[in-house]
Amino acid sequence: MNKIVSTFRRLLGKEPASSPKEALRRLDLHPAPAPVPAPAPAPRKVIEWTDDLTVGNPVLDGQHKKLIAMINTLGQPDLSVEDLGEVIFGLLEYAAVHFRDEEDYFTEVAPEIVPAHFLSHTVFIAGAYRFVQRFQRGEALALRDTVYDFLCDWLIRHIRNEDSQYYRRSHPAA
Ligand SMILES: [Fe+2]
Ligand SMILES: [Fe+2]
């Protein structure tokens with residue numbers, strides 16, 4: 001066997017490659033270039049609670065503030081995959097508690113507008129569930145901006161415009 005190898009070496013005039021890189025160089029192949037690191041996510045503005053978000057119930061306002069804290073966690077430029085997962089799974093837990101409390105309270109204050117409101121909550125839960133599925137499929141940080149935008153839209157469209165209707169109804173002079 002050694003004789004065959006040495007014959008080939010003599011014919012080729014080459015010694016074995018000293019490293020995989022050298023072997024690739026001889027074959028005129030090159031290792032794939034190093035991946036370009038993903039650009040750092042753009043910093044997001046910190047969102048703060050404002051009085052126009054109140055629904056006139058301190059427990060519900062506290063839960064809305066918790067949601068704002070979750071949005072601000074997502075907005076951190078150094079957000080880790082673990083932090084993202086905590087927020088995404090936390091949304092389902094948040095929704096279960098908050099919507100139950102909110103629906104109980106709103107049913108007392110203005111039962112006539114509750115059914116449409118319940119429907120919006122169902123849409124939120126469906127969205128949060130989709131995020132969990134996408135996270136479990138490994139989309140991880142690619143999801144961050146989508147979840148962030150979804151929650152900001154929810155804050156403005158739902159909490160400020162729909163939840164706060166109950167405050168205006170329960171405090172007509174406000
Ligand atoms: Fe709410
Ligand atoms: Fe609501």
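A: Helices are DSSP runs of H or I with at least four residues, and strands are DSSP runs of E with at least two, numbered from the N terminus. This is a predicted model, in which local features need pLDDT of at least 70, side-chain atom pairs count only at pLDDT 80 or more, and totals for chains, interfaces and linings use all residues. Residues are numbered from 1 along each chain as its sequence is written, while chains are lettered from A and ligands numbered from 1 in the order in which they are written.

Q: How many helices and strands does the protein have?

A: There are seven helices and zero strands. From the N terminus on, the order is α-α-α-α-α-α-α.

Q: At what angle do the axes of α3 and α6 cross?

A: Two packed helices are described by the angle between their axes and the distance between the axes. Axes are lines fitted to C-alpha atoms, for helices over the stretch in contact, and angles run from 0 to 180 degrees between N-to-C directions. Here the axes of α3 and α6 come within 9 Å and cross at roughly 150°. The two helices are therefore roughly antiparallel (over 145 degrees). Their crossing is left-handed: the near helix is turned anticlockwise from the far one by less than a right angle.

Q: Which residues of α3 meet α6?

A: Two residues are in contact if their C-beta atoms, placed from the backbone, lie within 7 Å. H64, L67, I68, M70, I71 and L74 in α3 meet residues in α6, including R144, V147 and L151.

Q: Is R144 buried or exposed?

A: A residue is buried if 20 or more other C-beta atoms lie within 10 Å of its own, exposed if 12 or fewer, and partly exposed in between. R144, in helix α6, is buried because 21 other C-beta atoms lie within 10 Å. Its C-alpha atom is 7.0 Å from that of L84, 60 residues apart along the chain. Of the protein's 174 residues, 15% count as buried.

Q: Where is the kink in α6 centred?

A: The bend at a residue is the angle between axes fitted to the seven residues ending there and the seven starting there. The kink, about 30°, is centred on W154.

Note on methods
Angles under 35 degrees count as roughly parallel, over 145 as roughly antiparallel, 65 to 115 as roughly perpendicular and the rest as oblique.
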